[in-house]
Amino acid sequence: MNNQLLIKEKLRAKLEKIQTNSARSPVTDLNLDKTLAEEIEQLTMELESLNPNLYPLLNATYLLEGAWQLQYSTAREIRSLVSLPLGLKLGKVYQVIDVANKLFFNLAKVKHSLGLISGYVKVTARFEPAKEDLEPLPNKRLNVYFDKRYLSIEKIVGINTPQLNPFKVVPANNRTDRTATLDITYLDETLRIGRGGDGSLFILSKSNDLPDFTS
């Protein structure tokens with residue numbers, strides 16, 4: 001096993017060990033003690049240094065296509081989802097990318113702890129490659145422009161509620177002081193690592209279990 005695969009397996013095992021939620025919601029650094037969060041950051045940095053696709057926007061866009069499940073993040077918006085009110089619990093969080101049309105959506109499954117309500121929050125967005133300073137061509141940075149936010153209730157006490165799917169659609173918020181960016185710092189067939197413009201970390205694995213209705 002080469003060094004890249006060895007570190008990738010160490011990171012995978014570490015993330016699997018800290019995933020104690022049966023709903024498989026993403027873990028954030030707020031859930032962990034400082035030492036463990038630092039270990040994950042160190043393994044992530046080591047893996048980023050061995051990225052097999054250093055210029056994903058030039059020669060590996062096909063790997064971005066499809067559904068990805070968020071495993072771990074330090075982003076503020078993910079931290080806030082982990083602590084929902086009214087007994088609501090976060091489930092799986094996905095990002096689905098349409099490379100050809102430069103579109104994606106984020107989908108967060110939500111369920112009441114007693115099973116009273118289940119639904120999801122979806123945010124649609126578009127993206128474009130961004131040329132970094134001193135770089136002749138775009139290589140790993142994306143500019144991100146959020147579009148709409150959908151709030152949906154799929155079931156109430158086990159009964160389907162199509163009339164509430166969605167029950168609210170509002171414009172998504174975009175920063176006014178700068179364009180949101182995402183750097184793709186590691187990419188292969190099964191794992192993707194990204195860094196937001198504020199330094200936030202996203203670790204995602206390729207997924208095949210996204211429900212059909214979200215396609």
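Visitor: Where does V157 lie?

Guide: V157 sits in the loop that joins β6 (141–156) to β7. Do keep in mind that this is a predicted model.

Visitor: Why is V157 called exposed?

Guide: The relative accessibility of V157 is 54%, and exposed means over 50%. V157 therefore counts as exposed.

Visitor: What makes the phi of V157 worth a remark?

Guide: V157 is not a glycine, yet its phi is positive, about 45°. Most residues other than glycine have a negative phi.

Visitor: How do you know that the peptide bond from N165 to P166 is cis?

Guide: Its omega is near 5°. P166 itself is in the loop between β7 (159–160) and β8 (168–171).

Visitor: Which residues have the most contacts inside the largest nonpolar core?

Guide: They are L64, L70, I97, F104, I184, L187 and F202, in a core of 22 residues. Elements giving two or more residues to this core include β2 (66–73), β5 (117–129) and β9 (180–187).

Visitor: What does I184 touch, leaving out residues up to four places away in sequence?

Guide: I184 touches P56, L57, L64, K140, L142, R192 and I193. I193 is among the 17 residues of another core, which lies apart from the largest one.

Notes: Residues numbered from 1 in each chain as written. Predicted model: local features only at pLDDT ≥ 70, side-chain atom pairs only at ≥ 80, totals over all residues. Heavy atoms only, no water. Helix = DSSP H or I, 4+ residues; strand = E, 2+ residues; numbered from the N terminus. Buried < 20%, exposed > 50% of the residue type's maximum accessible area, 1.4 Å probe, protein only. Core = buried A, V, L, I, M, F, W, Y, C linked by side-chain atoms within 4.5 Å. Contact = heavy atoms within 4.5 Å.
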